[in-house]
Amino acid sequence: MSNELGSLFGLFALVPILLYLLILGFSIWFIVRTIRFMNEKTMLDKARNEKLDALIKVMQEKSGE
């Protein structure tokens, strides 16, 4: 009986460690995902700014005629 009880308490001792690893894993996943999103957003913003510059140039050329 005491052996079964000891193994049960041993399993309960693993719960905080598993919870800590779960939180740590989620944090790392979230940081990596956020960095990837920000890099993609930066590239898309650069492309949009280049298109806006080209549009402004065309508008200025047409208004100058």
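Phe30 is partly exposed, with a relative accessible area of 47% (buried is under 20%, exposed over 50% and partly exposed in between, with a 1.4 Å probe and protein chains only). Phe30 belongs to one aromatic cluster together with Phe26 and Trp29. The model is predicted: local features need pLDDT of at least 70, side-chain atom pairs count only at pLDDT 80 or more, and totals for chains, interfaces and linings use all residues. Residues are numbered from 1 along each chain as its sequence is written, and side-chain values use heavy atoms, with hydrogens and water left out.

**Aromatic pairs**
- The whole structure holds 2 aromatic pairs (ring centres within 6.5 Å, taking the six-membered ring of Trp; planes under 30 degrees apart are stacked, over 60 edge-to-face and the rest tilted).
- Phe26 and Trp29 make a tilted pair, at 5.7 Å centre to centre and 35° between the planes.
- Phe26 and Phe30 are stacked because their ring centres lie 6.3 Å apart with the planes at 25°.
- Phe26 itself is exposed, at a relative accessible area of 51%.

**Helix**
- The secondary structure consists of 1 helix and 0 strands (DSSP runs numbered from the N terminus: H or I of at least four residues for helices, E of at least two for strands).
- Helix α1 (residues 2-64) carries both Phe26 and Trp29, 3 residues apart, about one turn of the helix.
- Phe26 and Phe30 also lie in helix α1, 4 residues apart, about one turn of the helix.

**Surface**
- Among the 65 residues of the protein, 0% count as buried.
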